[in-house]
Structures are given as structure tokens and as C-alpha cells.
Amino acid sequence: MKRIISILSMFCFLSAGAFAQTMEIGVGIGVSNFLGDLGKKEPVGRTYYADLQASLFRPAMSVFFRNNFNYFFSMKGSLTYGVWAGDDKLANTERFMDDAWFRNYRNLHFKSHVTEFSITAEVNMMRFLPGSMKHWIAPYFITGVGFVHFNPKALYNGEWVALQPLGTEGQGMSQYPDRQPYSLFQPVIPIGIGVKVNVNKFLTVGLEFAHRFTFTDYLDDVSLNYVSKQEFVNQYGADKGAMIYDISRRSDEIDSEETYGNITKPGEVRGNPGQKDGYLFSTVSLSYKFANGFSDFSYSKKRGNNGRKHPTKKKNKSRYKRFVKQKTW
């Protein structure tokens, strides 16, 4: 992450020294989705969009400021709000005892409101200038850094209960010293693609898709193994311990006879710590150019790119005569 920040800072410094800057403010709307232990259609065998549950797409919105340093490079600061959700009940259970069946039997779910702040670099694949009708369209790549705040919750007795303070996998308990409570603020690395199109001299429409890579497996509060009810009771008392256990292990809600209860007994796998969670934002944006540092709009037959009138033939001749008189051969 430090290396990425250094590279972005270097580009900003070099570009700012060579060009004036064109600035924009904008808004975006779109959708968000989550990829983690509870956010996939299938545990294995599918990749990315094919692995997303369409019913789990949630609305997202953003505001941003973009500084265009030249035709090919710009920086954008964004504040984005979205929602994540995941539910094991949506897993396909056509084949008995396959991976999807195990997920469905696990029967966990979550939702979370999220707020992300990010600074991203946009590298255009062709010349682009906001407000220009000459350089009016460009696909681009983005990368950068950011931070996200999230708070996973689960429905219990008709109320949405925050999961992080409960330590559903033994976080903060003396018998699990290696399991510490995870932070609700996490760094992220956005990487994606987009396209920008100028509508007129002031407005630009954009379409952007970007995946967020994270450094945690706890965006959905699921990662490691099940903890026994007795351990929760010993740590938190009878009532609270029983509540945490009920929230952390919910297979008995669909298998009251515990026919396959050994699958979710203490110590068994609850999540997959080998793969970090991620999420995505897909947005359509509208930006307004409010400060113009370099532009080709002043170009016409009578005016050059610098906005000054071309000298007429008469003026050229007079300048030549003055030059001849001053010249000594």
C-alpha cells in the first residue's frame, strides 16, 4: 500500500508541474455486492460475476472530486455509501452433501451498511479532456487506496444485532489468544475499469466497475471455527453466552433433530480463512467541470489553442520590415 501511495504521489507531482489542471465535482449511483464466505452463489467452480447472487445486489451512491492533470492522468477522491448482504439460504442445494449443501446447512446470514473513502488514479487509454468535443471519450483503468467502515449484523429474535462485539468465533476470549477482535475500519485497494463521455462543455457521464481487495476475512463475521456453548457461557454468563452461541451456530434452526449436527459442532470449519473478503461497486456518474486549466475549446479558424488571434498578413509584413531595418548585414 505504501508503494502504491508513493507511485500515485509521484505521478501527481510530475503532472502538476507540466500542466494546468481541470477539476470536476460529481455524483454517482449504482449497485454494490459482496464476495466472501456468505456472499457467493457457489463455494467453488465459479468466478466473479458468475458467482454473485443477483438478489444480493444493493444500492450504492457516491460523491467525488476529480482533478485532471493532463489528457491521460487524473486523480479522484470519492466518498461512497453502499450495502452488503449474504445469506446461506440462497445457496443451491440440488446435490446432497456438496459444497452448496454444506453452506445451506450452515444457515448463517448478515447485512452491513458501509461507507468508503478512496483516492484513485485514473489512467485514460486515449486522450480525454472534460468538456472537449475533440477528446470526448476514453476508456480508463483505475487503482488506488481507501478505507471502508462496515458493521455486520444478523437477525435474532426480530432484531438486527451487531456481530463484532459478540466475538462469535471466540475473539477476545482467553482460550483463543490468537483470535483478536477485528477492526470495523479496514484498508482497501480498488482496481477496475471505466469509460468517460463528454455530454457538453461542462458535463461528463461515466460508467465504472471496480473491485475492492481487502486484508481481512471478517467483513461478514465468518472466517474460522465454531466455539462451544459452554465456552461462551463461561466467558459471558448464561444468558449472553447462550445468545452468542445461538447467533454463531444456526444449523439447528433448519435441523432441529441435529441429524447432521456433527457438521457444525465446536471445532468444525465455519469459514474459509485462506481467502480474504472483497466487494465491488458498479456506478454511473455525472460530473460538472467547474475549473478549467487547459482546454481546446478556444480553437477556431481565427483563434489558436492559446486563444490569441493569429497575426494577419499585413501585420506579418510590418514585423518583417521592422526586422530588416534593425538587421545589420
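A cavity is a set of grid points where a 1.4 Å probe fits but cannot get out, and its lining residues have an atom within 4 Å of such a point. The exercises below apply this to a predicted model.

**Exercise 1.** Characterise the largest cavity by its volume, its lining and the strands that supply the lining.

*Solution.* The space in the largest cavity comes to about 180 Å³. Of the 16 residues that line it, Ser62, Lys76, Ser78, Glu208 and Thr283 are the closest to its centre. At least two lining residues come from each of the strands S2 (58–68), S3 (73–87), S4 (109–124), S5 (137–149), S9 (203–214) and S10 (278–291). The class count for this lining is 7 polar, 5 nonpolar and 4 charged residues.

**Exercise 2.** Decide whether helix H2 (residues 99–106) is largely enclosed or largely open, and state what follows the helix.

*Solution.* The step of reasoning needs one cut-off, namely that a buried residue has under 20% relative accessible area. By this criterion, Ala100, Trp101, Arg103, Asn104, Tyr105 and Arg106 are the buried residues of H2. Because 6 of the 8 residues of H2 are buried, the helix is largely enclosed by the rest of the structure. After H2 comes Asn107, which has a positive phi, near 65°.

**Exercise 3.** Identify the residues with the most contacts inside the largest nonpolar core, and trace the surroundings of Tyr279.

*Solution.* The largest nonpolar core has 17 residues, and those with the most contacts inside it are Trp84, Val114, Val148, Phe150, Leu219 and Tyr279. S4 and S10 are the elements that give two or more residues to this core. Leaving aside residues up to four places away in sequence, Tyr279 touches Asn33, Phe34, Leu35, Trp84, Glu116, Val148, Val188, Ala210, His211, Arg212, Thr214 and Leu219. Another core, of 12 residues, lies apart from the largest one and includes Ala154, Val227, Phe232 and Tyr245.

Notes:
Residues numbered from 1 in each chain as written. Predicted model: local features only at pLDDT ≥ 70, side-chain atom pairs only at ≥ 80, totals over all residues. Heavy atoms only, no water. Buried < 20%, exposed > 50% of the residue type's maximum accessible area, 1.4 Å probe, protein only. Helix = DSSP H or I, 4+ residues; strand = E, 2+ residues; numbered from the N terminus. 1 Å grid on protein atoms, 1.4 Å probe; cavity = no way out; pocket = protein on both sides within 12 Å on 5 of 7 lines; lining within 4 Å. Points joined across faces, edges and corners; volume = space filled by probe spheres on them. Nonpolar A, V, L, I, M, F, W, Y, C, P; charged D, E, K, R; others polar. Core = buried A, V, L, I, M, F, W, Y, C linked by side-chain atoms within 4.5 Å. Contact = heavy atoms within 4.5 Å.
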